[in-house]
Amino acid sequence: MLEFCADPKTLEGLSWLSCYLTTPKHMEFYFSFLTVMALLLVAAPAALAFGFGGAMAARSHIAPLRWLGKIYTAMVRGVPDIVFFLFFVIALDQGIEWLTHQVRCPDWSEPIRQGLEFRVCPAAKVPPNNASLFVHQAYAFTLAVLTFAIVFGAFAANVLKGAMDAVPRAQIETAEAYGLSPRQTFRRILVPQMWTYALPGLSNLWLILIKATPLLFLLGIQDIVYWARELGSSKSARFDYPHGDWRLYYFLGLLVFYLALTRVSEIGLARLTRRLSHGQATRAGETLRKDAA
Amino acid sequence: MTCWETVQAFWLRSVGIGENALPTTNITLCDQFVLIGSGMLWNLYFGILALALGFVFAIGLALAKASRNRWIRKPAEWYIFIFRGSPLFIQFFLIYFFITTVLRGSVDVFGLFTIPTAWLANAWAGAAFTLFLNTSAYSAEIFFGALMTVPKGDLEAADAYGITGRERFFRIEWPTMMRLGWPAYTNEAIFLFHATTLVFFSSFPAFQQRGDALYYANYFADKTFNPFIPYPIVAFYFIVLTLCLIGIFGLVNKRLNRHLPSHQRKRIRLRPQLIR
């Protein structure tokens, strides 16, 4: 990458290190930090959407929908999330392949579950066997995002349902007295007011989501944990690295990355909380009003 | 092999007692239930050990964080921030690599004598140690919060009676702190047990296939290509464990609150919390 790196003989000490840390492999390592950020930025709104749907379903007047919402919000309570992560990815993967199998190979006669194996017709493989590496990676990433969204959505649903219940009853009653329909009440009164109650829980969830990103590694994505293990060890499957076991230092780097991300988020969320408290009928809102006056 | 024979052969497999060879063909539901249950022994071991040791350390940390002396307060704040602000997964790796690359099997103390440290690289020691450090930080934050909400009146009453120092802490602050922090601590305990599943992914190796619940679940998922049975079994065991924990901690909560009228008691509410 750097110009003076072209001649390996002259390299020593710091200049060697600076060249070594800019090799293409290391660039992939740095790029994987972006993968993690991308996952956070995509999974958070997706989880929020799942959570919103779940909370609405759990409060629904239609019984089957309500049961569905309740089951979804209750599902995450007693079970370690990691089990979900392992389970969902395989379940989603097999589910999608099973569906495409039904569509593309209707007259396939062999059973899909042959004893211990899961076998669909070649045409139903997702992604196709001949697809490029990029497609395979993108597919794995999408599955990971979906898994994160479903699992975190259940947590978000809990938070949002609590927030919807926390909006003062008088506000809803006033809306009804003004003749707003239930739908209008929901959209114009309930939703704008619930965020201030939801924010503590959602902030917590965001911090937890940050800390859950190393699980990408378990879902088979080449994320920062993968590269830190790979580049840090003294040898890989094919060749030796020109250094001893550096994994401790690479993981120290990851630790610093996560701590920084947590700290920045905490500061940002504190500001957002302050902002959302404006004009709310809560203690925080009242304090802001008095300070301004 | 009948199911009862399977139970006898495998229920202590995870600690190395009983039948040695794991089932590879004709895996029955019974095999899966028994072996995963056997693996749960390790999850219990990790959880109980970390919780018991962490409880003591956490109270020390909480007191340090509440200290007025900044030389005591700052280290405690940093410790809590580092362990709460980073993923447990990364902490597992870091501590594992620290043990294997820095300690390298033994530590020389000024050339006088050497302390063997190779045993630390095993899951039963290293992973338990990491979990202990981690849960201490989370519990310390809970106890610190509880300590900060001890009613002012209680402390003033203590002053008025001339109760000071150690006695004030152990007779006034500590019982109230426990009472106020207990519901949150119950959640911490539950999610610590859930976090023990991560041990399987931390580099700490399972010795001679003596693994935790997830180790066997993963083994069966690999062998049968069917995740739909072993993982729900793990989930089932954990739900049972969670219910037991709520029961046990609820009894303690009852005792801590026994002097209060029923409407002032703090209730245990299960609050969802994810991976650390």
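Trainee: Where is A:Val135 found?

Mentor: A:Val135 sits in helix α5 of chain A. Keep in mind that this is a predicted model.

Trainee: Why is A:Val135 called exposed?

Mentor: Count the neighbours. A:Val135 has 12 other C-beta atoms within 10 Å. Exposed means 12 or fewer. The count meets that cut-off, so A:Val135 is exposed.

Trainee: How far is A:Val135 from A:Leu41?

Mentor: Their C-alpha atoms are separated by 20 Å. Along the chain, the two are 94 residues apart.

Trainee: What makes A:Trp16 partly exposed?

Mentor: A:Trp16 belongs to helix α1 (residues 13-20) of chain A. It has 14 C-beta neighbours inside 10 Å.

Trainee: What separates A:Trp16 from A:Ala74?

Mentor: In sequence, 58 residues.

Trainee: Why does B:Tyr237 count as buried?

Mentor: B:Tyr237 has 20 other C-beta atoms within 10 Å. Buried needs 20 or more. The count reaches the cut-off, so B:Tyr237 is buried. This residue lies in helix α9 (residues 230-256) of chain B.

Trainee: Which residues does B:Tyr237 touch?

Mentor: Leaving out residues up to four places away in sequence, B:Tyr237 touches B:Ile36, B:Gly37, B:Met40 and B:Ala213. Take B:Ala213: it is 24 residues from B:Tyr237 along the chain, with the C-alpha atoms separated by 9.0 Å.

Trainee: How do you know that the length of α5(A) agrees with its residue count?

Mentor: At 1.5 Å a residue, the 34 residues of α5(A) should span 50 Å. The end C-alpha atoms are 48 Å apart, so the two agree. Even so, α5(A) bends by about 30° at A:Gly153.

Trainee: What makes α7(B) short of a straight helix?

Mentor: Helix α7 (residues 165-195) of chain B has 31 residues. A straight helix would reach 45 Å at 1.5 Å a residue. The end C-alpha atoms here are only 37 Å apart. There is also a kink of about 55° at B:Trp182, shortly before the proline B:Pro183.

Trainee: Which elements of chain A touch chain B?

Mentor: The contact takes 33 residues from chain A and 32 residues from chain B. On the chain A side, the elements giving two or more residues are α4 (81-104), β2 (117-118), α5 (133-166), α7 (182-212) and α9 (247-276). The largest share, nine residues, comes from α9(A).

Trainee: Which residues touch the most other members of the largest nonpolar core?

Mentor: That core has 126 residues. The residues with the most contacts to other members are A:Phe152, A:Ala156, B:Ile36, B:Phe143, B:Leu198, B:Ala217 and B:Val234. Helix α5(A) gives the most to this core, with 16 residues.

Trainee: Which residues does B:Val234 touch?

Mentor: Not counting residues up to four places away in sequence, B:Val234 touches A:Val83, B:Ile36, B:Ala213, B:Leu214 and B:Ala217.

Trainee: What is the make-up of each chain?

Mentor: Chain A has 10 helices and two strands. Chain B has nine helices and two strands. Of the 293 residues of chain A, 28% count as buried. For chain B, it is 42% of 276 residues.

Trainee: Where is confidence lowest and highest in chain A?

Mentor: Lowest in strand β1 (residues 113-114) of chain A, at a mean of 62. Highest in helix α6 (residues 169-177) of chain A, at 91. Where pLDDT is low, the predicted coordinates should not be read in detail. The mean pLDDT of chain A is 81, and 88% of its residues reach 70 or more.

Trainee: Which elements of chain B have the lowest and highest mean pLDDT?

Mentor: Strand β1 (residues 106-109) of chain B has the lowest, 72. Helix α3 (residues 70-85) of chain B has the highest, 93. Chain B averages 85, and 97% of the residues score at least 70. The model as such scores ipTM 0.82 and pTM 0.83.

Technical notes. Residues are numbered from 1 along each chain as its sequence is written. Chains are lettered from A and ligands numbered from 1 in the order in which they are written. This is a predicted model: local features need pLDDT of at least 70, side-chain atom pairs count only at pLDDT 80 or more; totals for chains, interfaces and linings use all residues. Helices (H or I, at least four residues) and strands (E, at least two) are DSSP runs, numbered from the N terminus. Two residues are in contact if their C-beta atoms, placed from the backbone, lie within 7 Å. A nonpolar core is a set of buried Ala, Val, Leu, Ile, Met, Phe, Trp, Tyr and Cys residues joined through C-beta atoms within 7 Å. pLDDT is the predictor's confidence in each residue, from 0 to 100. The expected span of a helix is 1.5 Å times one less than its number of residues. The bend at a residue is the angle between axes fitted to the seven residues ending there and the seven starting there.
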